[in-house]
Amino acid sequence: MEISWFLFVTWCLTMVTGFDLGPFVRIAQCRSQCLRKHTSDGNCDWYSGHQQTTCSMCWQYCEALENRWEKTRTICEGDQYLHCPACQTACNYRKIRVEEKYLPSMLPAPKKAPIDLDKFDVAVVMRKLYKQWRVSGYYSGERTPNLRPDTWIIVAMEDGVKHYSWQEWVPKLESLKEGPLYEASVSWKDVQTQLQKQKALEQVRFNNRVKQFFLEKYGEKVLAEWRSQEDSQISDEIFRRFFFRRKDDRSDDFEADNTPSTSNTYNDRIDKDHLGNKESYVVSWEPETGGLMGNQVTDSNTAQISLLPGTKYLVRIASNDGPGSFPIEVDTRPNSVQAKRIERTLEDLYPWDVYAACGCAVLLLIVLLLAKVCRKGKSIEAEEV
């Protein structure tokens, strides 16, 4: 049964079209070995005087042996191999490496900035170019790259792979039904909205940084005026007054454009839809403490998955052409499900439920008042007799 399930999952993953990250990951892992064997601090200096360092030679051999094996295989043979420590490191890695296709959907859930690298880790920076992810460069742990808009960073470590994505979006848990297996319904219909909001906020922060820089450099008087107003952002008016002072200055000429760039992942997905090609997603889930991982392929923006009871899961959506979503928690432990059920009940109250409850309270109050009046009347009659 386990073997058939594994074959089914493997088949599902192969159905998801995506580019192969395997060569990039293997080059990064090989270069990580160069750092460990030929440096003490993870700094692979390219040149020492007029000679290449052993580490820098090993760094170059890693890519040559991966991409041009037939032409460079002599590096791993004869006297050159025996008298070249850099060759030995790169060639030994090639002998033990596992050559397999590595799809983006096979990566673990992405992480947020800041990027945390060990000095011997190697980061692969990916950037979007003509609607495709391209390698922008390889960086050692001592040269940690920045996570910028439309950037995707894959890190090769000693014990595995992790990655960072600038695009922060999460799916939504629509419902969780109890049973022998819990049925969880998740959706990611608002991905574009989430990414648009992130783009807009980043654009605002960028505009403010630019304004801050120019005002600090050239506009001390204007900056002093702005600083006198506590808890206020740099207004466009102050910025224009100093830099764009002219007769026909109009407020609509220099408004900050907070709309995101049109060159991004989700716009590329829209283009695909216009061409009639549906995007595929892999819904993956695994216990928070680790264990057996499940996958499900879908070409829509909703999915229903089955989860074991008594477990806290991390559920995420992996894209077939790049970084996917950040994970959400789905808890099937009894105490958590009961708390969610109470919360859901309070959320789902209709207005007439509230009105009925208020009416019952008023009716009960009237009955109590009438009972009190009747008791008082009886006591008065008894005294008269």
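# Strands, disulfides and a cavity

Me: β5 and β6 form a hairpin; how many residues are between them?

Reply: Strands are DSSP runs of E with at least two residues, and helices are runs of H or I with at least four, numbered from the N terminus. Two strands pair if DSSP finds at least two bridges between them; strand β5 (residues 151–157) and β6 are joined by 6 bridges and run antiparallel. The number of residues between β5 and β6 in their hairpin is 2.

Me: What kind of model is this, and what pLDDT do local features need?

Reply: Residues are numbered from 1 along each chain as its sequence is written, and side-chain values use heavy atoms, with hydrogens and water left out. This is a predicted model: totals for chains, interfaces and linings use all residues, side-chain atom pairs count only at pLDDT 80 or more, and local features need a pLDDT of at least 70.

Me: In β6, which residue is the bridge partner of V155?

Reply: The bridges between β5 and β6 are antiparallel. In β6, V155 has as its bridge partner K162.

Me: How many residues of strand β6 are buried?

Reply: A residue is buried under 20% relative accessible area, exposed over 50% and partly exposed in between, using a 1.4 Å probe and protein chains only. Strand β6 covers residues 160–165 and is mostly covered. Its buried count is 5 of 6 residues.

Me: D150 is a residue other than glycine; what is its phi?

Reply: D150 sits in the loop between β4 (132–140) and β5, and with 13% relative accessibility it counts as buried. Most residues other than glycine have a negative phi. For D150 the value is positive, near 60°.

Me: What is omega of the cis peptide bond that joins A113 and P114?

Reply: P114 lies in the loop between α6 and β3 (122–129). Most peptide bonds are trans. The bond between A113 and P114 is cis, with omega at about 5°.

Me: Which are the edge strands of the open sheet of 4 strands?

Reply: The order in this sheet is β10-β9-β12-β13, with antiparallel pairing. An edge strand here pairs on one side only, and the two are β10 (294–298) and β13 (328–331).

Me: In β13, which residue is the bridge partner of V315?

Reply: Strand β12 (residues 312–319) pairs with β13 in the antiparallel sense, over 4 bridges. In β13, V315 has as its bridge partner I328.

Me: How many disulfides does the rule count?

Reply: A disulfide is a pair of cysteine sulfur atoms within 2.5 Å. Numbering the bonded cysteines in sequence order gives the pairing 1-6, 2-5, 3-4, 7-10, 8-9. The count is 5.

Me: Why is the disulfide of C30 and C62 left-handed?

Reply: The sulfur atoms of C30 and C62 are 2.0 Å apart. C30 lies in helix α2 and C62 in helix α3, so the pair ties together parts that are 32 residues apart in sequence. C30 is buried at 2% relative accessible area, and C62 is buried at 3%. The link is left-handed because the torsion about its S-S bond is about -70°.

Me: C76 and C91: are both buried or exposed?

Reply: A disulfide joins C76 to C91, S to S 1.9 Å. C76 lies in the loop between α4 (69–72) and α5 (78–82) and C91 in helix α6, so the pair ties together parts that are 15 residues apart in sequence. Both C76 and C91 are buried.

Me: What volume does the largest cavity have?

Reply: On a 1 Å grid over the protein atoms alone, a cavity is a set of points where a 1.4 Å probe fits but cannot get out, and lining residues have an atom within 4 Å of a point. Points are joined across faces, edges and corners, and the volume is the space filled by probe spheres set on them. The whole structure has 1 cavity of 30 Å³ or more. The largest cavity has a volume of about 50 Å³.

Me: Which helices each supply at least two residues of the lining of the largest cavity?

Reply: The lining includes C30, C62, Y93 and R97. The helices that each supply at least two lining residues are α2 (22–38), α3 (54–67) and α6 (85–96).

Methods: 1 Å grid on protein atoms, 1.4 Å probe; cavity = no way out; pocket = protein on both sides within 12 Å on 5 of 7 lines; lining within 4 Å.
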